[in-house]
Amino acid sequence: MSISRQFTRGLRVLTRRRAADQDLADEVEHYLEQTTAAHIARGLSPEQARRAAQLEIGNATVVREQVRAYGWENAVDGSIADLRYAARRLRRNPGFTAVSVLTLALGIGASTAIFSAVNPILFEPLPYPHADRLVTVWDHGSEDAPLAITFGSYRELTARTRSFEGLAVASSWQPTLSSDARPERLDGQRVSASYFRTLGVLPAIGRDFDAADDRPSGPNMVILSDALWRGRFGGDSTIVGRAITLDDARYTVVGVMPRGFESVPGSSADAWTLLQYASSLPSEGPEWGHNLRMIGRLRPGVSIDQAMRDFDAVARYPVPEFARPPWAAMRKPLSVTSLQSDVTRSVKPALLAVMGAVLLLLVIACVNVTNLLLARGAQRRGELAMRAALGAERARLVRQLLTETLMIAVIGGALGVLVAELGVRALVALAPPELPRVAAVGVNGATLAFALVASTIVGLSIGLAPALQATRSDLRAALSTGSRRAAGSHHASRGTLVVAEVALALVLMVSAGLLLRSLERLFAIDPGFTPSHILTMRLEATGRVYENDSATYLYFQEVLDAVRRVPGVTSAAFTSQLPLSGDGDTYGAHFESSPTGRNESAVFRYAVTPGYFETMGIALVRGRALATTDRAVAPLALVINESFAKRKFPGRNPLGQRLHLGPDRGPWYTIVGVVRDVKQLSLAVSEADAAYIPTDQSWFADRVLSLVARTRGDPGALAPAIENAVWSVDKNQPIARVATMDDVVATSAAQRRFALVAFEAFALAALALAAVGIYGVLSGSVSERVRELGVRLALGASPRDVVRLVMRQGMALTVTGVVLGLLGAAAASRALITLLFGISRLDPATYFSVVGLLVGVAAAACGVPAWRAARVEPSVTLRAE
Amino acid sequence: MDKPGTDVIPGTLDLLILKTLSLEPMHGFGIARRVEQVSRGVFKVNAGSLLVALQRLERAGWLDAEWRTSENSRRAKYYSLTRAGRKQFEAEAADWKRRAGAVARLLSAEG
């Protein structure tokens with residue numbers, strides 16, 4: 001009862017403030033009258049009685065205030081008054097308000113944008129029930145590199161381990177969907193029947209896969225993503241049970257996944273079908289290839305360590321029912337990592353570095369606004385002293401000032417959300433291709449909460465120091481002496497803030513500089529081919545027609561002829577792997593006579609058509625290139641790369657040597673030539689072994705090949721003509737990954753570039769803020785020292801001396817900041833190490849040039865106030881006193 | 001009556017108000033005068049404290065307040081005890097008597 005009474009009475013007072021005040025005044029007045037009447041009754045004259053009553057009761061206003069101060073509504077009332085007052089003050093200083101709000105909007109907006117990207121990727125659990133129990137499992141190759149799991153190992157682990165509620169495997173699958181429209185290549189996965197159950201998300205429409213159908217020559221079944229279902233099938237729920245055509249075969253749709261289902265382990269997938277491997281595990285089949293991604297759901301309460309021990313026990317004691325071939329013997333312990341960390345591992349360093357950078361920027365923005373507030377606090381001391389003299393408590397004044405800064409921060413935060421909205425779009429556009437969960441990046445509830453919390457913390461932290469300083473107890477002194485003399489001490493703190501700002505800006509600038517130079521170094525690396533003027537696209541021979549190998553060869557040959565006829569194309573060729581595109585297929589190699597005495601386990605296999613080296617601009621080192629004469633019936637020819645040749649045949653001629661590539665009992669290839677090294681996986685990784693064979697002479701027919709076409713003009717402009725040439729041969733074949741080779745190279749460094757662009761933007765903003773900070777402090781100090789400067793000039797100092805005086809003050813702050821910043825940058829660069837390439841994190845050239853830039857900008861920021869100081873008119877200033 | 005009164009014992013103002021109002025509804029000044037008279041001028045009630053206390057007791061649900069015309073035909077705010085207020089008064093009065101009795105025993109104890 002009393003709480004509701006508290007609330008309703010308070011609310012009544014709030015909504016009818018005037019009436020409530022009137023009632024209170026009436027009550028006090030009545031009290032006064034009654035007291036007076038009592039005194040009159042005791043024989044005093046009305047006047048004396050009134051005075052006695054007033055003496056007894058005290059000041060009626062104070063009594064009213066005493067009563068008014070009671071109740072929660074009074075606090076609300078005070079805050080509303082504070083807000084009104086703050087709004088009025090901010091409106092009256094539009095310049096200050098605009099600068100502070102925009103500075104904070106920039107800082108909060110940038111941090112919010114980065115947070116909205118980092119939060120779903122690094123911090124939020126993956127979008128599955130009990131996602132903390134999901135793990136990925138990797139096998140290990142010869143050099144401890146993670147290796148995909150074989151189906152055989154999956155079968156054995158499923159049967160023999162107890163730690164998991166479910167294990168599932170998946171491999172990538174790119175079927176071509178044919179319908180009335182153009183053929184479309186889908187991203188999808190082949191999965192074991194347990195896949196969706198293990199993730200814990202079942203189809204929204206239709207049903208999950210059935211284990212009984214997961215067998216060789218089982219029925220063709222497909223589950224669709226919500227996006228594909230809506231986009232291509234109009235969201236028609238009768239789709240379940242109907243058949244669609246994928247790769248020229250009929251697949252029955254058994255289900256549609258719920259909206260928003262993310263196939264995190266397989267990045268973006270729109271269709272899933274069953275793996276349908278043979279549980280009899282024939283040793284020649286794909287069942288023993290390291291080609292599956294394995295995920296597991298731990299039983300509740302089972303730790304990752306326990307799961308690893310469980311795996312170890314299985315791996316160490318083979319049983320006859322699961323005989324393992326030597327390459328899948330699980331001799332090294334399997335590694336189990338949480339799915340979340342596995343998914344985010346590759347992008348974590350860049351994201352954390354960018355997050356750190358943006359927080360630095362936010363701090364700089366706050367420091368800048370604090371500086372402005374301190375300057376204004378000096379101007380407001382008179383006003384505050386007056387209010388204190390009139391009886392305002394210090395806490396009340398601090399609250400008032402904090403209300404102002406909070407208001408600035410919240411307006412800044414609101415604008416910041418708009419900045420974040422734009423920033424997120426830019427981020428997604430810039431995002432490196434390996435960035436997981438891009439779909440979840442966006443401005444949402446968590447982002448808004450972050451912006452709100454950030455604004456509040458910012459508002460309090462920027463306001464507290466200036467508020468305490470402005471309301472310090474020597475207010476009375478301020479009132480009597482004016483602001484000039486009281487200004488001295490807060491100069492020290494403003495100077496400190498500028499030093500901090502310069503130091504933080506330098507940290508950001510050095511980081512950006514290091515990243516910039518890394519990227520320059522990276523792109524200065526010779527990829528081994530000439531990327532300019534090359535258009536590439538990935539073609540495929542899908543469908544029943546091409547189950548026949550010779551039809552496939554013929555198809556690609558006809559496409560090549562058609563592309564070569566396109567005007568503007570000077571040469572064209574196919575390769576099974578495109579450098580720097582993410583392709584990376586390796587095979588074992590066995591030399592007939594191996595001088596180093598061992599077989600090679602990871603050799604990049606390129607099945608290419610003659611003319612590939614010429615088209616790509618890959619230089620021949622010795623021997624000959626692959627030629628049109630190296631056809632299926634001719635002796636098998638093979639070209640290796642330079643570092644492979646040097647390593648394998650040091651000081652000997654590799655030409656004429658023979659080797660198996662791939663299967664041990666495969667045919668012998670004879671080395672006919674050596675070419676320059678080509679960067680395959682990344683510009684930063686060197687020394688890979690490579691072997692080139694003619695597509696006609698491969699031991700299997702590649703059905704996915706990348707076309708490379710060298711053009712005379714802009715390669716991008718020829719894309720439509722080349723696509724039409726491809727479709728002129730077979731209009732049902734999909735074309736994917738159309739890009740110029742220049743773009744492919746640029747994209748290969750996307751993660752570094754992403755970090756670089758973010759750092760560059762933040763560093764520039766930080767530099768601008770630091771310059772504004774230096775300028776603000778110096779110009780404030782010049783205005784306060786006008787009299788002193790006037791005296792100096794009057795006593796014979798030259799304007800040059802005055803300029804030097806002011807510049808020295810500014811540069812002293814800058815240099816202190818630079819020294820601290822250098823220490824900070826040296827420490828912070830440690831966090832960047834994984835993103836750097838080809839330079840030391842302490843690269844002197846970078847540090848020097850960044851310091852030079854910063855000092856130059858700082859000098860310019862000092863220059864304006866110095867120039868103004870030199871123009872002080874001594875007679876005017878002296879007379880003004 | 002001309003002896004200068006002292007302020008009420010801290011913490012007892014609520015009890016004094018509740019007791020006074022348990023007899024009849026009254027306005028603020030009436031309460032103050034009644035307390036002074038009954039205490040024979042020992043206690044003097046401060047107007048500000050009294051009005052704040054009335055506000056608080058009303059919010060707590062122990063008092064009701066209404067505007068009435070007073071004996072000299074002025075508008076005055078009359079306070080009366082609610083049912084909860086009466087219960088509260090009885091509890092506080094019992095508690096006070098117990099403690100005051102204890103203090104009195106301690107003071108009168110010999111040697």
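Trainee: In chain B, what share of the contacts with a separation of 6 or more comes from residues 24 or more positions apart?

Mentor: Keep in mind that this is a predicted model: local features need pLDDT of at least 70 and side-chain atom pairs count only at pLDDT 80 or more, while totals for chains, interfaces and linings use all residues. Residues are numbered from 1 along each chain as its sequence is written, and chains are lettered from A and ligands numbered from 1 in the order in which they are written. Two residues are in contact if their C-beta atoms, placed from the backbone, lie within 7 Å. On that basis, the share from residues 24 or more positions apart is 54%.

Trainee: What pattern does chain B follow along the sequence?

Mentor: Helices (H or I, at least four residues) and strands (E, at least two) are DSSP runs, numbered from the N terminus. Chain B has 4 helices and 5 strands. Read along the sequence, they give β-α-β-α-β-α-β-β-α.

Trainee: And what percentage of chain B is buried?

Mentor: A residue is buried with 20 or more other C-beta atoms within 10 Å of its own, exposed with 12 or fewer, and partly exposed in between, with C-beta atoms placed from the backbone. Of the 111 residues in chain B, the buried ones make up 30%.

Trainee: Which element gives the largest share of the side of chain B that touches chain A?

Mentor: Here 17 residues of chain B are in contact with 21 residues of chain A. Helix H2 (28-38), helix H3 (47-59) and strand S5 (75-81) of chain B each supply at least two residues of that side. The largest share, 7 residues, comes from H3(B).

Trainee: How many residues on that side of chain B are charged?

Mentor: Ala, Val, Leu, Ile, Met, Phe, Trp, Tyr, Cys and Pro count as nonpolar, Asp, Glu, Lys and Arg as charged, and the others, Gly among them, as polar. The side of chain B that touches chain A has 6 nonpolar and 5 polar residues, and its charged residues number 6.

Trainee: Which residues does Ala766(A) touch?

Mentor: Ala766(A) is among the residues with the most contacts inside the largest core. Set aside residues up to four places away in sequence, and its partners are Leu361(A), Ile364(A), Leu504(A), Ala505(A), Leu508(A) and Met509(A).

Trainee: Is Ser194(A) buried or exposed?

Mentor: Ser194(A) sits in the loop between strand S6 (188-191) and helix H8 (195-199) of chain A. Beyond its neighbours within four places in sequence, Ser194(A) is in contact with Gly166(A), Leu167(A) and Ala168(A). With 23 other C-beta atoms within 10 Å, Ser194(A) is buried.

Trainee: How far apart in space are Ser194(A) and Asp214(A), C-alpha to C-alpha?

Mentor: In sequence, Ser194(A) and Asp214(A) are 20 residues apart. In space, the C-alpha to C-alpha separation is 9.7 Å.

Key
Core = buried A, V, L, I, M, F, W, Y, C linked by C-beta atoms within 7 Å.
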